[in-house]
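The following exercises are to be worked through with the sequence and the structure at hand. Each task is followed by a solution in steps.

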Amino acid sequence: MTMPEGWEMVVGLEVHTELKTTTKMFCGCANAFGAEPNTNVCPVCLGLPGSLPVLNRRAVDLAMAIGFALHSKVGFSTFHRKNYFYPDMPKNFQISQYDLPINSGGYLDLPDGTRVSIERAHLEEDTGKTTHLGGSGRIHGADRSLVDYNRSGVPLVEIVSGPDIRSSAQARAYVSELRGILIASGASDGRMEEGSVRVDANVSVRRAGEPYGTRCEIKNLNSLRSLQRAIDYEALRQVELLESGRAVRQETRHWDEDSGETSTMRVKEEAEDYRYFREPDLVDLVPDEAWKEGVAGSLGALPAERRARLRSRLADPSSAQLDALDVVIDLGFDDLVITAINDNIDGALALARAVNELAAAESVELLTPEAFVETLAMEQRGELSATQAKTVLGELLAHGGDPRAIAAAKGFEQLTAGSLAATVDSLIAEHPDEWARYREGDDKLAQFFIGLVMKSTSGQADGKAVVAELRARR
Amino acid sequence: MRTAFEIARDVRAGASSAEVEMERSLSAIKARNDELNVFLYIDEEGALALARRVDERVARGEDVGALAGVPIALKDNLCQTGVPTTAGSRILEGWRPPYNATVVELIEQSGAIVMGKTNMDEFAMGSSTENSAFGPTKNPLDPSRVPGGSSGGSAAAVAAEMTPISIGSDTGGSIRQPAALCGIVGVKPTYGLVSRYGLIAFASSLDQIGPFAKNVTDAALLLEVIAGHDPRDSTSLPEPAPSLVAHVEDGVKGQRIGLVRELYDGADPHVVASVQAAAEALREAGAVIQELSVPEFRLGLSAYYLIGPAEASSNLARYDGVRYGLRVGADDVTAMNEATRTAGFGAEVKRRIMLGTYALSAGYYDAYYGQALKVRTLMIDAFANAYQKVDLLLGATTPSVAFNFGSKTSDPIAMYLSDVYTIPTNLAGDAAISVPFGTGEAGLPVGVQLLGPGRSEARLFAAARVLEVAGGSS
């Protein structure tokens, strides 16, 4: 979308990410999605009288990893209580960070070369989840409300960007790049649809060169698509208001995916008063240099760097391949693709198998790099057809194992490059006239020879490999 | 009544039995509990069963622990699995915690037998137990007078010889003040020495669990049992429990003790006389007495009545009718929260929640809560300066002996002044002990207070023991 002439949108994003820890932030309960309601709970995450929080060291590791990835100042921080009443918040306060977050400042460079500043990335605990049944279906006017505290106390990092974003596409690219970083640093699984990554957008508009306008905060952005659509809708709504001489009211707005509109959720007459004060049940968080260095040192290459590395190994990639490259980076298959390229596998083939077969798999845990490379090498040598190679990969992904053994077990005849060459040679010898016409330039006869090869190999040969053999003899 | 030390010694040696000791305790309770309202809950059969189990273990030759067979009472703000726990409030009526406080576990491991829960001012807010939702406790020494508070029930249990020892909690004097008014020994340990896990919070940065006993040795014995690092409390000191009983007879020879004017100014003449007599007794035992003035102590009360309520306003937010305790039905969640809290909390608790909410509010934070934190820092510095000059401080525990029911209930400030000498220690996180010394109006006991820096418990017990001997009791 382009903004109406003379107008500019100003967007800042708050991204909440659940940290991929084994246990919750302040207790030993499992941090797991999808369990029976109220089964991963204990006195601490239920906020029972007398219970006390103890900080999860792993949550701090992951929060610091995010900070290092975002070039933040990482270090001394404190916890505060954010006080407000809500039934899914068992203590009626949330333990969060306030004036001394674990990560302050920083930036994120986007693939298009723009830079978005980071204000802070702080640790806090998640709330439970309320389902309102009957009546209005919202907290006021529902017949009944059910609360599940399994999510209560799950560690979160809230990453707050500066108001640097100027288009919905840039906002999308920011969240996409940030997701890549969260996944790469091991901090999060990055799943927006499960709520592991949640985005709130602060949107305002202004005429070029003027000070910032009044902003609205949009909630319920569950996908990159909603994010982009909601920001566009909201920016245009604000421009229309202002152009018709009305004012933008500072408020929190709800994005409705079906109607494609934002609507008022609550009006902020004045800033909400959360009565922040230091959490007296926790001590200062003072990560020493060794701890920080350990985390920084274990942080692998980030998406931007990995993207550039893989890009440099692809000769003249098509735009579809560039899209595939982004998927491969996102899913963390780039090391696998590069290993294959290092073993003389064609980059395009490795990329295609990674973005299709691997991406479709539930898990790639059972697939070793050696098996991946070997399967592709067999395909490249014409020992397996493309279909056969895909079948072998599927088997490897599901059960692991040795590609040759799988191919043999499946009855994929071992069609080595040598045996294909021998087959081609003997067929040429048997059909001298057709061969002569092919050599003179009648390409149609390639089909004739492919047909013969297929017949003599019971369809195990790869058409492209046959053509290559024929061309080599022309 | 026999001391805890004697009971444990005899039970371990087979010279007495835990069952006999428990029966003796239960009959003392039966004789006076209706009159005095000491216990909110008594588990007679459970206690006798546990006692018999102790006896069986002794018979098998097992080491049962330092408090083998000793009956002990718990203030009703400590969580014990399955045992009704109210913190003196209607809002928790009927709630049975699903877990044990760390202190309860340690007590059980020591062989002591928890036989009931004692009355207290609601959420430990008060100095007379008149704020209990379940009626006041009467002072066993004169039932027309208050036992002090907020741990009035635990103090009365020991004073009435229902149990030789008991557990209280001290946020601004709630162990020492009732100990003084009931003529027994009460200790406020160094902040972090005893785990707060399972203590229903009033003001987390000030609360500390401590012992009541008839004599100094028993208090030291009980503190040894309940002290020590607990990984479930982030503010717990890192070291194991100190050795205390071994130092009770160390005396005060060469100790420099500061007699602090601000810790007896304004007290009844009898109280002042007792403090001066205590100074003389310590001098005779070899201490060097030095008169001191610490003007900052006068600021303690105002700072305390901002910090305590501020933390309480947040700590008590969880009592909302959603998960446990009282629920007063209403049309929606907000109305239900409001109706529950209106019905469930008493006047003093509401007053402090309002005070604390106000002190933390935007626009008032700096003038009230922020200012109080600065005063707290001044207080810590003032103590540190004093401890440059002397080893321990001496003063009164309370301005008067036990007062009559109703004499201060209409004037909160008059009630708050009962804690004027005890509050500075909580603000600094230091240790103090109240020990009976001399008598005042109507022949009622006076408590004098010894104060020491953090981790000075062994020296405090030694000095208190000198006063105990000089004062003529056991």
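**Exercise 1.** How many residues does the contact take from chain A, and how many from chain B?

*Solution.* The model is a predicted one. Two residues count as touching if their C-beta atoms, placed from the backbone, lie within 7 Å. On this basis, chain A gives 29 residues to the contact and chain B gives 34 residues. The chain A side, sorted by class, consists of 17 nonpolar, seven polar and five charged residues.

**Exercise 2.** Determine the strand order of the open sheet in chain B, and explain why β1 and β8 of chain B each have one side without a neighbour in the sheet.

*Solution.* The sheet of chain B has eleven strands with mixed pairing, in the order β1-β3-β2-β4-β6-β5-β10-β11-β9-β7-β8. Strands β1 (39–42) and β8 (288–292) of chain B are at the edges and have a single partner strand each, so one side of each lacks a neighbour in the sheet. From one strand to the next, the twist averages 25°.

**Exercise 3.** Describe the pairing of β4 and β6 of chain B, then the helix α5 that packs on the sheet.

*Solution.* Strands β4 (residues 165–169) and β6 (residues 209–213) of chain B are antiparallel, joined over five bridges. Within this pair, S166(B) lies opposite F212(B) of β6(B). Helix α5 (residues 152–159) of chain B packs on the sheet and touches several strands of chain B, among them β4 and β6. The direction of helix α5 of chain B makes about 165° with that of β4(B).

**Exercise 4.** Which domains are assigned in chain A?

*Solution.* The assignment gives domain 1 (7–295), domain 2 (301–409) and domain 3 (417–473) of chain A. Taken over C-alpha atoms, the centres of domain 1 and domain 3 of chain A are separated by 62 Å.

Technical notes:
Residues numbered from 1 in each chain as written. Chains lettered and ligands numbered in written order. Predicted model: local features only at pLDDT ≥ 70, side-chain atom pairs only at ≥ 80, totals over all residues. Nonpolar A, V, L, I, M, F, W, Y, C, P; charged D, E, K, R; others polar. Pairing = 2+ DSSP bridges. Helix = DSSP H or I, 4+ residues; strand = E, 2+ residues; numbered from the N terminus. Axes fitted to C-alpha atoms, helices over the stretch in contact; angles between N-to-C directions. Domains from an automatic or database assignment.
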